[in-house]
Amino acid sequence: MTEKKVKKGKAARLAMPEQAPEIRKRNFKEVPTGYTVAMAQEEAARCLQCKKPGCMEGCPVSVDIPGFIGLIAEGDFTGAIRHIWTKNALPAVCGRVCPQESQCEGRCIVGKKGEPVAIGNLERFVADWEREKGTGELPPKAPVTGKKVAVVGSGPSGLTVAGDLIQKGHSVTVLEAFHKPGGVLVYGIPEFRLPKAIVAQEVNFLERLGVNVEVNAVIGRTVSLDELFEQGYEAIYLGVGAGLPRFMNLPGENLIGILSANEYLTRANLMKAYRFPDVDTPIPKGKNVVVLGAGNVAMDSARTAMRLGAENVKIVYRRSREEMPARAAEIHHAEEEGIEFFLLTNPTRFIGNEKGRLTGMECLRMELGEPDDSGRRRPIAIEGSEFHMDTDLVIVAVGSGANPLLTQSTPDMELNKWGYIEADPETGKTTKKGVWAGGDIVTGAATVILAMGAGRKAADSIHQYLTWGW
Amino acid sequence: MFKIVKREEMAEGTVILNEIEAPLIANKAKPGQFVILKANEDGERIPLTMADTDAEKGTITIIYMVVGKSTALFKTLQVGDGFQDVIGPLGKPTHLEKLGKVVCVGGGTGVAVLHPITRALKEIGNDVTCIIGARTKDLLILESQMKAASNELKVCTDDGSYGHHGFVTDVLKEALEGGDVKLVVAIGPVPMMKAVANLTRSYDVKTLVSLNPIMIDGTGMCGGCRVTVGGKTKFACVDGPEFDGHQVNFDELMMRLQAYCEEEKHCYEDFCTLQDAT
Ligand SMILES: Cc1cc2nc3c(=O)[nH]c(=O)nc-3n(C[C@H](O)[C@H](O)[C@H](O)COP(=O)(O)OP(=O)(O)OC[C@H]3O[C@@H](n4cnc5c(N)ncnc54)[C@H](O)[C@@H]3O)c2cc1C
Ligand SMILES: Cc1cc2nc3c(=O)[nH]c(=O)nc-3n(C[C@H](O)[C@H](O)[C@H](O)COP(=O)(O)OP(=O)(O)OC[C@H]3O[C@@H](n4cnc5c(N)ncnc54)[C@H](O)[C@@H]3O)c2cc1C
Ligand code: SF4
Ligand code: FES
């Protein structure tokens, strides 16, 4: 018995079918096309069904991974998705964007000797199967409690809280500043990585459960937190994300043709500007595009620029390949699509023409010194290494900070020195009574699954509060 | 949907007024704040200042100039139609203070933006002189409303077809000569605001301007609305839209407003051709 399983583990991991790079680099359709039923069952059979599964320890929300993979192997897809749902309300999203290689798959026993089980691909498979072929049956709901909860922000964190609390019988309203719910999932992560129809479906699922979603509600402006309490909400969860663009503060940064990644991606994703002029929002189309930064946001920006018809797209990053924060799979996808990497390179100023349009950028070459606060080796400029790079579009993707819009209008809630909300890591409680917070607005820019994990803990704490008190 | 309950055309159909049902916003909005509107699913997010609000009726009023595709599309909306999305109130309200003699200068649709501010400045006891201008008589808007909102109204037209023949700055100069002006509020086309700020600088009179850079979200998320004020980068949607006119880099603002002019031009022309065909 055991021997047979070890053999199973030795089979090669089934690669995810993908659109060919030379085709996909010019379209916005999803890059990986998904496993077939047969492929999913074959990959699922590689799982050893470990007694002490390492994968689950690596999952921030402790999905019963061997459990759902076992059900896929047996062909019980409905059973598999139900299994996931008990811990993760957004599997179609997580299956696509979670950094599995450093979480579940990074701890998979099979991965010790060969390639880990493709947990993410399998999660995606069942979620898609349920969406396309499932019964659409809703999970059971607890009896109505009559308590009202407001969830501010409709990113993965807020959606998780909403899903958990509605199932516990509370009345939940999600308030979103944008005209579409989903947070970074709809305005940041591009269509070719996460189709917006999937996010819409996940939101619709919550609505069918009874969650009330109100868009165009800028909390702190349209209504304040105290006014929400006056309106009868007994608890408020803040999942407003990070969402403050960082610039580099270099000379010439306000030239036409220099955009934050937030602006660029919002135009492309939320406003569908890649379809301009069929839609009304324009987007600058560069010939020689430069993206500053090397995280997921930078990869997404670069790959979007390529799809918008750029002749060449460069990633400019001041450290080396090793320090690049993006997921390995995304760096790989970007390379396949012809994005060039200029590592150990730092811009020093931007150059424009008489119309104020960007024409180029001056850079310095860097070398790595001792590790800095972040534990990464500090980049040091090499003197006299200045060189010029032609570019007509620069996308600044060097991170984001805490947007102060809501917190400024809530003076009686503590923030840390960077403007993020202070919240108890176990419960999500803030220093303002009846207010919880989680996700990027507490941790700084992180991941979808961590934002969801924070939401789950807060939902438990909110439920306790509504039942027993603060 | 946010329903249009009243629609008016002014300035020979180049400027449109819409009164829109938006009770939450009406209840909250203060002078100087703006909303972002989106006509339909594929529409652009367009920022417009509220020219008026009625908390009791739950309506807000916007007055906009038709300049491109999106505002041309807005113009086609009739009473009973609506905007798919209206977001607000956004931006910081005008800082209102009793100072004494105040001059409000408006040009073009800037007059609409200036209206609630003027009224509020007068209500708290300032002596408000209003100077409004347009290229020609037929393009002048809100004359009677501005008259009611201020203590004194002066009108100028570039071509002399009505009121004083000349620019608002000419009339403003006279007022500044009096030496007792405590504050100037100037809202209009960027070149006008720049000219006003240059003039008042030489008289050392504090000057408030309302900036209109290109915006997407209006909540400080995209950085598209960045303007340079006092040598520092500010986001007009959350730090403004009003700023100290003596500190604003107007040339950069004018330049940045041209960011999409090529794209917009084609899109607008296509839309107009389509409109004519139907
Ligand atoms: C381009 C990009 C790519 C990424 N790629 C990945 C990836 O591959 N894998 C991964 O795990 N993570 C990725 N991330 C990070 C991940 O998306 C975030 O960590 C996650 O979305 C944070 O979730 P959240 O719920 O805290 O906030 P968000 O998703 O930021 O959502 C916050 C929501 O709150 C709304 N809001 C803000 N202020 C207000 C207010 N005052 N009133 C009402 N609503 C408000 C916002 O409009 C937004 O919709 C990426 C991020 C970006 C930007
Ligand atoms: C805070 C704020 C308040 C405003 N209030 C008013 C108002 O009360 N009445 C009014 O008539 N106008 C107002 N504007 C300007 C108005 O938003 C623009 O005229 C409108 O967006 C143009 O859209 P369009 O698609 O019709 O024209 P487009 O075809 O997009 O543009 C025509 C030209 O207008 C400029 N422009 C484009 N987009 C914007 C934008 N989002 N903001 C500013 N300028 C732009 C550019 O120079 C462009 O070349 C305001 C702008 C801001 C930022
Ligand atoms: S660690 Fe790998 S093999 Fe073991 S249960 Fe998890 S996925 Fe299966
Ligand atoms: S409009 Fe996006 S930051 Fe101001």
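Modeller: Before we start, one term: a residue counts as near a molecule if one of its heavy atoms lies within 4 Å of it. Keep in mind, too, that this is a predicted model.

Biologist: Thanks! Which residues are around ligand 3, and how many of them are charged?

Modeller: Chain A supplies this shell, with A:Cys47, A:Leu48, A:Cys50, A:Pro53, A:Gly54, A:Cys55, A:Pro66, A:Cys108, A:Ile109, A:Val110 and A:Ile119 around the ligand. Sorted by class, ten of the residues around ligand 3 are nonpolar and one is polar.

Biologist: Let's move to ligand 2. Which element gives the most residues to its shell?

Modeller: Two or more residues each come from strand 4 (46–54), strand 5 (59–65), helix 2 (69–75) and helix 9 (261–277) of chain B. The shell holds 24 residues, with B:Pro47, B:Met65, B:Thr71, B:Asn212 and B:Leu257 coming nearest. With four residues, the element that gives the most is strand 4 of chain B.

Biologist: Where do polar atoms of the protein approach ligand 2, and what share of the ligand's exposed area does the protein bury?

Modeller: One nitrogen atom of ligand 2 lies 3.0 Å from a side-chain N or O atom of B:Thr49, and a nitrogen atom of the ligand is 2.9 Å from a polar backbone atom of B:Ile63. An oxygen atom of ligand 2 is 3.2 Å from a polar side-chain atom of B:Thr109. On its own, ligand 2 exposes 840 Å², and the share buried by the protein is 89%.

Biologist: Now the two chains. What area is buried between chain A and chain B?

Modeller: In this interface, 43 residues of chain A are in contact with 46 residues of chain B. On the side of chain A, the residues that lose the most area are A:Arg221, A:Asn254 and A:Asp280, together 23% of what that side buries. Carbon and sulfur atoms give 53% of the buried area between the chains, which is about 3,500 Å².

Biologist: And how many salt bridges cross that interface?

Modeller: One salt bridge joins A:Lys180 and B:Glu41, with their closest N and O atoms 2.7 Å apart. There are also 19 residue pairs in polar contact across the interface. The number of salt bridges found between chain A and chain B is four.

Biologist: Last one: which element of chain A gives the most residues to the side touching chain B?

Modeller: Strand 5 (243–245), strand 6 (258–260) and helix 15 (261–268) of chain A each give two or more residues to that side. By class, the side has 20 nonpolar, twelve polar and eleven charged residues. The element that gives the most, with four residues, is helix 15 of chain A.

Notes
Residues are numbered from 1 along each chain as its sequence is written. Chains are lettered from A and ligands numbered from 1 in the order in which they are written. This is a predicted model: local features need pLDDT of at least 70, side-chain atom pairs count only at pLDDT 80 or more; totals for chains, interfaces and linings use all residues. Side-chain values use heavy atoms; hydrogens and water are left out. Contact means heavy atoms within 4.5 Å. Buried area is the accessible area (1.4 Å probe) that two parts lose on being put together, summed over both. A salt bridge is a side-chain nitrogen of Lys or Arg within 4 Å of a carboxyl oxygen of Asp or Glu. A polar contact is a pair of N or O atoms within 3.5 Å; within protein, one must be able to donate a hydrogen and the other to accept it, and residues adjacent in sequence count only if both atoms are side-chain atoms. Ala, Val, Leu, Ile, Met, Phe, Trp, Tyr, Cys and Pro count as nonpolar, Asp, Glu, Lys and Arg as charged, and the others, Gly among them, as polar. Accessible areas come from the Shrake-Rupley method with a 1.4 Å probe; for residues, only the protein chains shown count as cover.
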